[in-house]
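Please keep the sequence and the model in view while reading.

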Amino acid sequence: MRAMVLVSPKRPLRLAEVDDPQPRPGEVLLHVRACGVCRTDLHIADGELRAPRYPLIPGHQIVATRDDDGSRVGVPWLGWTCGRCRYCRTGRENLCERAEFTGLHRDGGFAELAVADERFCLPLPDGFDDVTVAPLLCAGLIGHRTLRMAGDPESVGIYGFGAAGHLVCQLAAHEGRRVFAFTRPGDTAGQRFARQLGAVWAGDSDEPPPEPLQAALIFAPAGELVPQALAAVEPGGVVVCGGIHMSDIPSFPYAALWEERVVRSVANLTRSDGHEFLRLAAAARLQTTVTPYALEQAGDALEDLRAGRFEGAAVLRIAA
Ligand SMILES: [Zn+2]
Ligand SMILES: [Zn+2]
């Protein structure tokens, strides 16, 4: 099969002809139709997240048809859990001590074929084609979990208006929350995009919102946003960091945290997050904004993501 392979970190992805993957017991062979490109893939390509082995096939928003019954499934970041550790036994498989992640510990979907543990394949809602459904599988799912970790806020700020931000904005607005979108300073196109998707206000990340917020969600990998978001939330407000990697958080005065403000992160997802979010996405009729690329353009997609050259999410279209 053809695959885009990361031979070692900090090297460009390379198109290669590799052996077809062979499913083991409990796994299914998948014909990949599309695969989303996520900021985490950029962190993996840059070596900020280390894989246990290289060469590696990245990609963890896999839309595919099963070889055995032809049904359409999605494979997210969480690829396997042990089922036995204290996290797995207490409904927190996202923190499993032995978790294997798709496109990091297991080969992912930047390829024509993939294998996945059957128990971690998610049914995909109708009403989305292969390319537009792909960003739901990480950007949407992590965005959903990030919003849930903020409780039930009436007003919520979103820092970083990319793949996750543009989906969680619609979801939060659908739930009747007032969304305040923060983009890179001066990104007026991004701010217009946010207003189109239901934000009541959009502005630069270094400016204060017009009113104190009950929660803030950070999807951009910039640690300096943490004190900025803390300054934007009211007493008792929650700041949730949704990314897997972030630059260092600068020190800030204790007064910024005082009055029961909370800073927390979100790690990975559970399968129940996946089932719940995909039902919600269909009910809320989320519109995914997608920039399609061919399989062999995966490296270009990563560089465009790094430079912020598109709105919404990049997706590799692998089968016509
Ligand atoms: Zn476990
Ligand atoms: Zn991701």
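## Basis and domains

Domain bounds are those of an automatic or database domain assignment. For this chain the assignment gives domain 1 (2–135 + 269–317) and domain 2 (150–265). This is a predicted model, in which local features need pLDDT of at least 70 and side-chain atom pairs count only at pLDDT 80 or more, while totals for chains, interfaces and linings use all residues. Residues are numbered from 1 along each chain as its sequence is written, and chains are lettered from A and ligands numbered from 1 in the order in which they are written.

Taken over C-alpha atoms, the centres of domain 1 and domain 2 are separated by 26 Å. In terms of contacts (C-beta atoms, placed from the backbone, within 7 Å), 17 residues of domain 1 meet 13 residues of domain 2. On the side of domain 1 that touches domain 2, helix H1 (residues 39–45) gives the most, with 3 residues; helices (H or I, at least four residues) and strands (E, at least two) are DSSP runs, numbered from the N terminus.

## Nonpolar core

A nonpolar core is a set of buried Ala, Val, Leu, Ile, Met, Phe, Trp, Tyr and Cys residues joined through C-beta atoms within 7 Å; a residue is buried if 20 or more other C-beta atoms lie within 10 Å of its own, exposed if 12 or fewer, and partly exposed in between, with C-beta atoms placed from the backbone. The largest such core has 102 residues, and Ile-158, Ala-216, Leu-217, Ile-218 and Leu-316 are those with the most contacts inside it. Helix H5 (residues 163–174) gives the most to this core, with 7 residues. Because domain 1 and domain 2 both give residues to the core, it lies between them.

Not counting residues up to four places away in sequence, Ala-216 touches Val-156, Gly-157, Tyr-159, Ala-229, Ala-232, Val-233 and Val-239.

## Pairing of strand E3

Two strands pair if DSSP finds at least two bridges between them. Strand E3 (residues 27–37) pairs in the antiparallel sense with strand E8 (residues 113–117) over 5 bridges, and His-31 has Leu-113 in E8 as its bridge partner. E3 also pairs in the antiparallel sense with strand E4 (residues 62–66) over 5 bridges, where Leu-30 is partnered by Arg-66. With strand E17 (residues 313–317), E3 forms an antiparallel pairing over 4 bridges, and Ala-34 stands opposite Arg-317.

## Asp-206

Asp-206 is placed in the loop between strand E12 (201–204) and strand E13 (213–218), and is exposed, with 11 other C-beta atoms within 10 Å. Not counting residues up to four places away in sequence, Asp-206 touches Pro-185 and Gln-228.

Technical notes: Contact = placed C-beta atoms within 7 Å.
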